[in-house]
Amino acid sequence: MPSHSNLVDKINALRKKKRAVILAHNYQRPEIQDIADYVGDSIELSRQAMDERDAKLIVFCAVDFMAENGALLNQEKKVIIPSPEARCPMAHMLPATVVERWKQRYTDVPLVLYVNTLAEAKAFADVCCTSANAVDVVKSLEGDTVLFGPDYNLGKYVERMTGKKVIPVPEQGFCPTHVLFFKEDIQLLKERYPKAETVAHPECTPEVQSIADFVGSTSQMCHYIKQSEAERFIVATEVGVLHRLRRENPGREFIPAYEGAICPNMKRNTLENVYLALRDETYPVRIPPEEAERARLCLDCMFKISKGLVGR
């Protein structure tokens, strides 16, 4: 396999030749973020790819459900994922069969699914949400109860912020990386760095959220930090985002709330398999047409709700 610099050169040559756009989630390896056309949250990336009118190929460096989102929103482009083993454990906690059972049990309750789900689950949802807009999406719905999945902690955050009853689907869905943070560890860091601000992802436990200065998605964290006057931050999310934070905020210090908060699935994408995916166009995302059409409807519903909130 070529050296790092040669791989980058080969990737850039293939990207131009094949009119490809490379998307990298905030949790990707630093070298993947550095070659990406866009770095961000999953839906944010998919929508940016929609604006690339001349692109024919999308290389989505993330996990499976994110690549599926890219395919759902970019029907005219071929979407490939460099590593087919890059699967999200939380998304796989909510297969379509489980969703169907909950829908049958609560026939009159709207089902809100986090975008961190597979297309087969989205096909049964009334609306999707992101970690950034989950509160607004749930607030917009009629009634005082919603089914919400698959992340239990995000659901509890939504329940607290909206006052609505949230029924978790499944009962204890979680992100294996975000449950690694503990309130006591962060309190020790806050004592060591008393002027530091703490930012946390809503997939963290309610106890961790309770001591954070800001709770939000990774892109919301990036925006919050840019606006903050603090010089030091304790960051409670997957450590991959620290690369972006340090690049965009030179001179500021970023302290991982837990250095072991690494998603092994996000790290499966490497320069080597990005190069091979571009060269051979391997591992295209394929979603059955009927399933894709239904999944797209709940994403469209989310976009309509979000559009209606602009200016509020």
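For the counts I'll give, Ala, Val, Leu, Ile, Met, Phe, Trp, Tyr, Cys and Pro are nonpolar, Asp, Glu, Lys and Arg are charged, and the others, Gly among them, are polar. One caution: this is a predicted model.

Let's take the second largest pocket. Its volume is about 310 Å³. The lining has 15 residues, and the closest to the centre are Arg47, Thr130, Ala132, Asn133 and Ser306. By class, that lining splits into 4 nonpolar, 6 polar and 5 charged. Which helix gives the most to it? H14, with 4 residues. Helices H3 (42-50), H11 (218-227) and H14 (289-309) each supply at least two.

Now the largest pocket. Here the volume is about 390 Å³. There are 31 lining residues, with Tyr27, Met66, Asn116, Glu203 and Met266 closest to the centre.

On to strand E3, residues 57-61. Buried or exposed? Buried: 5 of its 5 residues. Side chains in a regular strand alternate between the two faces of the sheet. In E3, Leu57, Val59 and Cys61 sit on one side, Ile58 and Phe60 on the other, and both faces are covered.

What does E3 pair with? Strand E1, residues 20-25, runs parallel to E3, joined by 5 bridges. Val21 has Ile58 as its bridge partner. E4, residues 78-80, also pairs with E3 in the parallel sense, over 3 bridges. There, Val59 stands opposite Ile80.

Last point. E3, H4 and E4 form a β-α-β unit, and the unit is right-handed.

Conventions
Residues are numbered from 1 along each chain as its sequence is written. This is a predicted model: local features need pLDDT of at least 70, side-chain atom pairs count only at pLDDT 80 or more; totals for chains, interfaces and linings use all residues. Side-chain values use heavy atoms; hydrogens and water are left out. On a 1 Å grid over the protein atoms alone, a cavity is a set of points where a 1.4 Å probe fits but cannot get out, and a pocket is an open set with protein on both sides within 12 Å along at least five of seven lines; lining residues have an atom within 4 Å of a point. Grid points are joined across faces, edges and corners, and a volume is the space filled by probe spheres set on the points. Buried means under 20% relative accessible area, exposed over 50%, partly exposed in between (1.4 Å probe, protein chains only). Two strands pair if DSSP finds at least two bridges between them. A crossover is right-handed if, with the strands pointing away from the viewer, the path from the first strand over the helix to the second runs clockwise.
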